[in-house]
Amino acid sequence: MNILINGKYVRKDEVIDVINPYTHKIIGNVPVCDKIDVKEAIKAGKNSQRILNKWSAYKVSNAIYSSYEDLRNEKKKIAKTITQETGKPIKDSLFEMERSIETLKLSAEEGKRIYGESIPLDAGLGGKGFYAFTEKVPLGLVVAITPFNYPVNLAIHKVAPAIVAKNSTILKPSTKAPLSALRLCEIIDNYFPPGIINSVTGYGREIGNELAVNQDVNKISFTGSVPVGIMIKNRAGMKRVSLELGGNDPLIVLKDAVIDKAVKGAVAGSYLYSGQVCMGVKRIIIDDEICDEFLDLFIKETKKLKIGDPMNMKTDIGPLIDEKAAEIVEKSVQNAIENSAKLIHGGKRKGNFFKPTILDDVKEDMDVIVNEIFGPVSPIIRVNGVDEAIKVANNTKFGLQSGVFTENIHDALKCANEIESGTVFINKQSTFRTDNMPFGGFKLSGIGKEGVKYAVEDMCKTKLIAINLR
Ligand code: NAD
């Protein structure tokens, strides 16, 4: 597939193959861009942004609405591409597309609500006699760098808020799953001046570095792993940077929880897209008093999951993105077992498939707890009471989201108050997001918030205009 620079499709002699994680067949390829291509995209973005800046908000919003209609018409086709390039079960890819078109629509709506405010300068010493107000103005050129796991919706969460705030954009999708995102760029490009949305593909270290250091880029919006996020931030200099990074989300089940609700949350949260979800349930922290009852039902429900061809509508668990990813998960699980955790379900790898796995009696210093495991693994930590549960939940370098199951309002509020994460859900697992809510973690999980309204705010800078009336 081609990339898009200044409204033109660009091919290159050198390409990277895109491999279907289930069939292991090549399903397409994308160009290996170099620094010169990146500089071309930056130049195009810089020039075209001046044109977009003259468009009315009404016109920009309508153009995004038009691309929303096109994306809606193509949703089944693009969902199929997502499944082919990521191995995500097709029902989940279809849901990603439903969310994606919603995110685009929310952006079209939000583009009409970018307000400044009037500022009473006379409330400050010497400010009498001024008429003053702020305006939200575009940053300029925004670079969006996205991971493999939600290739369309996460790209929209960046480029659409950027464009409705009248910025130009460059999207660098993951080379593991770039095809659906490149199609998204083509759809949006149809309704804007050339260069408002550009795409580049290639090796992270080569083109990623140029995107990070180039002085003409005004913002980098990155979603991906912690090490890459930190590297980008360190190289970015004066540009604005937002980081949506990894998670290690806890699911707390207290002794008065409704067990079957908590089990449902644990299954959905741990195994969605085989655990390759930033806000996936990564640690189950459960009161010892109800742990055995919870585990009996959890194992029973986990056994019902259908593992297999992700293109089959009935499949719940497909492959991991590649064999290396599955080997990393396997190593962590083995390490836990060698260090006295009890394997009570799953634990087996076949190629890049990993069976949903439940480990009991897991300790806080084990690799499966300390690090983000991007696979279908549920480590169980047994605790006594709410205080210990919160202490364990907070004993992590991450802080994306968290979920607490309890029927006790005091414990629920205590958890809401004391857990250090960007979101605390009560009676819902962390693996939940609506596309308008503020989304973004604490600690190593990131900097800044997405969710359309919040992303739009971060795509603008504030200008003060003050008129001296004296
Ligand atoms: P990754 O960090 O390997 O890659 C993310 C993107 O960065 C890709 O486009 C990749 O090509 C690019 N990249 C790699 N090296 C680069 C470099 N040197 N300079 C610039 N760009 C570079 O992540 P991944 O494996 O694709 O995705 C999984 C990770 O993403 C997990 O840690 C997951 O938790 C995180 N994630 C976070 C969120 C969130 O909203 N917080 C959402 C989804 C995924």
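Mentor: Before we begin, two strands pair if DSSP finds at least two bridges between them, and helices (H or I, at least four residues) and strands (E, at least two) are DSSP runs numbered from the N terminus. This is a predicted model, in which local features need pLDDT of at least 70 and side-chain atom pairs count only at pLDDT 80 or more, while totals for chains, interfaces and linings use all residues. Residues are numbered from 1 along each chain as its sequence is written, and side-chain values use heavy atoms, with hydrogens and water left out.

Trainee: Which are the edge strands of the seven-stranded open sheet?

Mentor: The order of this open sheet is β13-β16-β17-β12-β11-β19-β20, with mixed pairing. Within it, β19 (residues 401–405) runs parallel to β20 and is joined to β20 by four bridges, with valine 404 standing opposite isoleucine 426.

Trainee: Are the faces of β6 covered or open?

Mentor: In a regular strand the side chains alternate between the two faces of the sheet. In β6, Leu141, Val143 and Ile145 lie on one side and Val142 and Ala144 on the other, and all are buried, where buried means under 20% relative accessible area, exposed over 50% and partly exposed in between, with a 1.4 Å probe and protein chains only. Five of the five residues of β6 are buried, and both faces are covered.

Trainee: Which atom of the ligand is 2.6 Å from an N or O atom in the side chain of serine 225?

Mentor: Thr146, Ser225, Met231, Leu245 and Glu372 come nearest of the 29 residues around the ligand, a residue being near if one of its heavy atoms lies within 4 Å. A backbone N or O atom of threonine 146 lies 2.7 Å from an oxygen atom of the ligand, whereas a polar backbone atom of leucine 245 is 2.7 Å from a ligand nitrogen atom. For the side chain of serine 225, the ligand atom at 2.6 Å is an oxygen.

Notes. A polar contact is a pair of N or O atoms within 3.5 Å; within protein, one must be able to donate a hydrogen and the other to accept it, and residues adjacent in sequence count only if both atoms are side-chain atoms.
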